[in-house]
Amino acid sequence: MRRAAAMLAAAVICGAVVLTAGTAQVQAQAQTQTQAQEPEWMQRHRHVTRLIAQSEAQGGAMVPELRDFMLAFQKDILSVTPLEAMDYAGQFLEPKDPADMASYLEMISTIATLAWYDALRFTDESGRVELMHNHALFKRAFLLAGDEMTQRMLTFLQTQPEAAAAAVDAGIGHAAAVRDRVVYDQRWPSAFGLGPLTCTLAPADCPPAPELPPEEWEAAFAHAAVTVTYYYRNND
């Protein structure tokens, strides 16, 4: 848990403004202002990361607030954004039994499909590149779970391709069934890409957040399904 906690803390989107010059006071004020403008999901993510660090400082046992949060998450993994869900699935829901690898991949595929569906609708290409490469969106859960878990999943994908394919298909199917009923902030990807950086550094030039027209959402979901299928079935 300690290694994953450190990785999660480093991965949290802090929203700090990167400055090449200026005093520490100016930097602190800029960061405070940015954090005050953060969406609710990002503030929650930051808070949970603090709770994880608190738990680590106390020997690894979850503090009561974190325990309650994770119990609620396990009951409904889509109560938080897919980015958060990837983190917590990796850190707290890692399967211990090899027989559970298929169901774990199914869950991850559901989260990934909804994540990419949201990213296709509510951010631009720069945001999607940031999510996929800087934040390792599709393999985030495995990385947080650790090297052993990553290797176990790769082994499962390579040695049981039919079971893996069925799990991915089932996960995408579940995403299709719930995509119109999720309660998390589906516009969470708008926090990524060049647009938010422009808004932070030059508010007067702040562009409107990208948003795909609703008539294109069906095609976006189909694109997300193809992307997830390819990634988990062909990504060696």
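**Reading the terms of the model**

From one end of the sequence to the other, the protein chain follows the pattern α-α-α-α-α-α-α-α-α-α-α-α. The model is a predicted one, and the protein chain has twelve helices and zero strands. Buried residues account for 45% of its 236 residues.

Q: What makes helix α5 (residues 82–92) count as mostly covered?
A: A residue is called buried when its relative accessible area is under 20%, and in helix α5 eleven of the eleven residues are buried. Among them are Pro82, Glu84, Asp87, Tyr88 and Phe92.

Q: How do you know that the buried residues of α10 lie on the same side of the helix?
A: The buried residues of α10 are Ala164, Ala165, Ala167, Val168, Gly171, Ile172, Ala175 and Val178. They cover an arc of only 165° around the axis, and therefore they sit on the same side of α10. As for its length, helix α10 (residues 161–178) has 18 residues and reaches 26 Å from its first C-alpha to its last, close to the 26 Å expected at 1.5 Å a residue.

Q: Why is the pair of Phe122 and Trp217 called edge-to-face?
A: Rings pair if their centres lie within 6.5 Å, and planes over 60 degrees apart count as edge-to-face. The rings of Phe122 and Trp217 are 5.9 Å apart, centre to centre, with 75° between the planes, and the pair is edge-to-face. This pair links distant parts of the chain, with Phe122 in helix α6 (residues 101–122) and Trp217 in helix α12, 95 residues apart.

Q: What makes the rings of Phe138 and Tyr231 an edge-to-face pair?
A: The ring centres of Phe138 and Tyr231 are 5.2 Å apart and their planes stand at 80°, so the pair is edge-to-face. Phe138 lies in the loop between α7 (125–134) and α8 (140–145) and Tyr231 in helix α12, so the pair ties together parts that are 93 residues apart in sequence. Both Phe138 and Tyr231 are buried. Ring pairs also link Phe138 and Tyr231 into a cluster with Tyr104, Trp116, Phe142 and Tyr232.

Q: Why is the contact of Arg152 with Glu94 called a salt bridge?
A: The rule asks for a side-chain nitrogen of Lys or Arg within 4 Å of a carboxyl oxygen of Asp or Glu. In the salt bridge of Arg152 with Glu94, the closest N and O atoms are 3.3 Å apart. Arg152 lies in helix α9 (residues 147–159) and Glu94 in the loop between α5 and α6, so the pair ties together parts that are 58 residues apart in sequence. Glu94 and Arg152 also belong, with Lys96, to a network of salt bridges. A search of the whole structure finds ten salt bridges.

Q: How do you know that Glu218 and Arg179 tie together separate parts of the sequence?
A: The side chains of Glu218 and Arg179 meet in a salt bridge, 3.0 Å from N to O. Glu218 belongs to helix α12 and Arg179 to the loop between α10 and α11, so this pair joins parts that are 39 residues apart in sequence. At 52% relative accessibility, Glu218 counts as exposed, while Arg179 is buried, with a relative accessible area of 12%.

Q: Why is Leu201 called partly exposed?
A: Exposed means over 50% relative accessible area, and Leu201, at 49% relative accessibility, therefore counts as partly exposed. The residue is found in helix α11 (residues 194–201). Leu201 forms a nonpolar patch on the surface with Leu194 and Leu197, with about 300 Å² of accessible area together.

Terms used
Residues are numbered from 1 along each chain as its sequence is written. This is a predicted model: local features need pLDDT of at least 70, side-chain atom pairs count only at pLDDT 80 or more; totals for chains, interfaces and linings use all residues. Side-chain values use heavy atoms; hydrogens and water are left out. Helices (H or I, at least four residues) and strands (E, at least two) are DSSP runs, numbered from the N terminus. The expected span of a helix is 1.5 Å times one less than its number of residues. Buried means under 20% relative accessible area, exposed over 50%, partly exposed in between (1.4 Å probe, protein chains only). The arc is that of the directions from the helix axis to the C-beta atoms. Patches are made of residues with over 30% relative accessible area and no salt bridge: like charges are joined within 9 Å, nonpolar side chains (Val, Leu, Ile, Met, Phe, Trp, Tyr) within 5 Å. Accessible areas come from the Shrake-Rupley method with a 1.4 Å probe; for residues, only the protein chains shown count as cover. Rings of Phe, Tyr and Trp (its six-membered ring) pair if their centres lie within 6.5 Å; planes under 30 degrees apart count as stacked, over 60 as edge-to-face and the rest as tilted.
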